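Have the structure open as you read.

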Amino acid sequence: MVCFRLFPVPGSGLVLVCLVLDHGTVTYNGSICGDDQNGPKIAVQFGPGFSWIANFTKAASTYSIDSVSFSYNTGDNTTFPDAEDKGILTVDELLAIRIPLNDLFRCNSLSTLEKNDVVQHYWDVLVQAFVQNGTVSTNEFLCDKDKTSTVAPTIHTTVPSPTTTPTPKEKPEAGTYSVNNGNDTCLLATMGLQLNITQDKVASVININPNTTHSTGSCRSHTALLRLNSSTIKYLDFVFAVKNENRFYLKEVNISMYLVNGSVFSIANNNLSYWDAPLGSSYMCNKEQTVSVSGAFQINTFDLRVQPFNVTQGKYSTAQDCSADDDNFLVPIAVGAALAGVLILVLLAYFIGLKHHHAGYEQF
């Protein structure tokens, strides 16, 4: 599986995050096992002008992940519609990570490379160069972060049952998160988050602790990203978009996190439609809401308030309350009830008049 995605942010900065690409769109032209003159190389191409290359070198008793090279095409108007300079740009990073020969290199922890306004994130890396006799080694060489990482406190409630109904969990604490564009706040969010995950017919309920959760992201004219991460959550992305030039909504949610059994749970959905409100306002909903990302993943929100665009002086604008949606349903009900009442009164008046009319004839 190959994961890449680019989110351009204001100015020339870029953020590289994960998107699972269809294998049909990925090629590996130029990848080689190496020989006496050239070391092994992994070369990945995805889309016109986008590529990633990892180079390996060998010493007497070790081999090295020597460097990585990432190229991106700002001439791609779909990915970079606002780029002023069009062309293919390349960023080279020297790593020189040394690994014993015939060892498999593993790094589950998140590693970040940043250079020339390009940020690259890597995790769940598993690679071996100079494989002997065509057999992958069973010896693993861990990166430093994996060697020093500790087991995070268990915050999962797991149901050892073949059903998808999790054990009820208390209401999560609401946290306040923000994204800055330079010195200005461009996105605000306050919410209690509860994750409902089903994997291998086992359901888990996870309350997000805002005290140990960090927020980052980016803001553009028509999209905004809020990314949350912690010791167990690699990323939980909320992507907002503008529609009809006058409203915003939650368009996309992506998550990758470690479960209590050590496995990694990853889901992405870029075709959502939640938290709709006018631009220049915030969206608020104090009652519990459910964002259904997939059949295996839902997010319950509590005490929600979010404003991904047009934040002024770091404060929320006037809120559109989700109760307004309920009021919209009450209006036709009230109108219908009023019309029914009028109809009943008309019928009563008719029958009363009819009765008096017959009584008048009986007097003769």
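Eleven bridges join strand S6 to strand S7 (residues 88–100), and the two run antiparallel. Within this pairing, Ile-65 has Ile-97 in S7 as its bridge partner. Please keep in mind that this is a predicted model.

On to the pairing of S6 with S5. Strand S5 (residues 51–58) is joined to S6 by eight bridges, again in an antiparallel arrangement. Asn-55 finds its bridge partner in Ser-67 of S6, and three residues lie between S5 and S6 in the hairpin that they form.

How much of strand S6 (residues 62–73) is buried? Eleven of its twelve residues are, so S6 is largely enclosed by the rest of the structure.

Now for the aromatic rings. Searching the whole structure turns up six aromatic pairs. Two of them are set out here:

| Pair | Distance between ring centres | Angle between planes | Arrangement |
|---|---|---|---|
| Phe-70 and Tyr-72 | 5.6 Å | 25° | stacked |
| Phe-238 and Trp-275 | 6.0 Å | 25° | stacked |

Phe-70 and Tyr-72 are both buried. Phe-238 and Trp-275 are both buried as well, and this pair links distant parts of the chain: Phe-238 sits in strand S19 (residues 233–243) and Trp-275 in strand S22 (residues 274–278), 37 residues apart. Together with Phe-240, Phe-238 and Trp-275 make up one aromatic cluster.

One more ring contact involves a lysine: Lys-243 lies over the face of Tyr-249, 5.4 Å from the ring centre.

Technical notes
Residues numbered from 1 in each chain as written. Predicted model: local features only at pLDDT ≥ 70, side-chain atom pairs only at ≥ 80, totals over all residues. Heavy atoms only, no water. Phe/Tyr/Trp six-rings, centres within 6.5 Å; stacked < 30°, edge-to-face > 60°. Buried < 20%, exposed > 50% of the residue type's maximum accessible area, 1.4 Å probe, protein only. Helix = DSSP H or I, 4+ residues; strand = E, 2+ residues; numbered from the N terminus. Lys NZ or Arg CZ within 6 Å of the ring centre and 35° of its normal. Pairing = 2+ DSSP bridges.
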